[in-house]
Amino acid sequence: MTTYTARPIDPTVLKELRSADDAGRRMVPVLDEEGGAPLRCCLRRSDPGERIALVSYSPLRRWATEAGAYDEVGPVFVHAEECGGPAAGSGYPFADAHRVLRRYSAEGHILGGELVDTLDDDAFRRAFDDPSVVVVHVRAVEYGCFFYEVQRPTISPSGV
């Protein structure tokens with residue numbers, strides 16, 4: 001069981017990106033003949049024959065109070081049409097290779113990062129050891145592409 005929750009791109013944001021992405025371009029759907037594209041809408045790899053699109057996305061733009069220069073725009077694969085989102089209880093998606101955990105403040109400033117061999121609770125626990133960290137991005141090593149975010153967990157008044 002995982003302690004932290006991998007958050008896909010929000011369905012409302014996906015609707016916007018399918019109309020015009022964060023670089024202002026319209027979506028161009030393609031038939032994924034080979035499969036294997038990392039989909040950020042449902043946090044799984046595409047199956048051969050699915051309609052997908054590569055769109056520009058700026059994750060900090062949605063929540064950071066003053067991202068400034070950190071408001072980077074990068075490519076992400078999504079389904080060309082609305083999908084059901086991630087499967088429940090699927091653990092940490094895209095954990096099949098080294099990943100970078102990039103830590104951010106509420107303002108959207110980078111507070112550091114870590115190259116991890118294993119994407120597990122311990123890696124996220126280390127990332128949230130700094131109380132200033134509110135969001136952690138899981139990113140690809142080879143291109144720096146955004147996979148998903150994990151928010152600082154909240155604790156209820158009962159401690160659960």
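**Exercises on a predicted protein chain**

Phenylalanine 147 touches Pro38, Arg40, Leu43, Phe94, Arg99, Val138, Arg139 and Ala140, where residues up to four places away in sequence are not counted and a contact means heavy atoms within 4.5 Å. The model is predicted, so local features need pLDDT of at least 70 and side-chain atom pairs count only at pLDDT 80 or more, whereas totals for chains, interfaces and linings use all residues. Residues are numbered from 1 along each chain as its sequence is written, and side-chain values use heavy atoms, with hydrogens and water left out.

**Exercise 1.** Determine where phenylalanine 147 lies and whether it is buried or exposed.

*Solution.* Helices (H or I, at least four residues) and strands (E, at least two) are DSSP runs, numbered from the N terminus. Step two is accessibility: phenylalanine 147 has 4% relative accessibility and therefore counts as buried. The classes are buried under 20% relative accessible area, exposed over 50% and partly exposed in between, with a 1.4 Å probe and protein chains only. Step three is distance: leucine 43 is 104 residues away from phenylalanine 147 in sequence, but their C-alpha atoms are 7.9 Å apart.

**Exercise 2.** Describe the backbone and setting of leucine 43 and phenylalanine 94.

*Solution.* First, recall that most residues other than glycine have a negative phi. Leucine 43, although not a glycine, has a positive phi of about 55°; phenylalanine 94 is not a glycine either and has a positive phi of about 55°. Next, locate them: leucine 43 is in the loop between strands E2 (38-39) and E3 (44-45), and phenylalanine 94 is in the loop between E5 and strand E6 (99-104). Finally, leucine 43 counts as buried at 7% relative accessibility, and phenylalanine 94 is buried with a relative accessible area of 7%.

**Exercise 3.** Identify the buried and exposed residues of helix H1 and the elements against which its buried residues pack.

*Solution.* Start with the buried set: in H1 (residues 11-19) this comprises Val13, Leu14, Leu17 and Arg18. Viewed down the axis of H1, these buried residues fall within an arc of 140°, so they line one face of the helix; the arc is that of the directions from the helix axis to the C-beta atoms. On the other side, Thr12, Lys15 and Ser19 are exposed. The buried residues pack against strands E4 (50-57) and E5 (74-79). At the start of H1, a side-chain oxygen of aspartate 10 comes to within 2.9 Å of the backbone nitrogen of threonine 12.

**Exercise 4.** State how many helices and strands the protein chain has and in what order they run.

*Solution.* The count is 2 helices and 9 strands. From the N terminus on, the order is α-β-β-β-β-β-β-β-α-β-β.

Note on methods. Polar contact = N/O pair within 3.5 Å; in protein donor to acceptor, adjacent residues only side chain to side chain.
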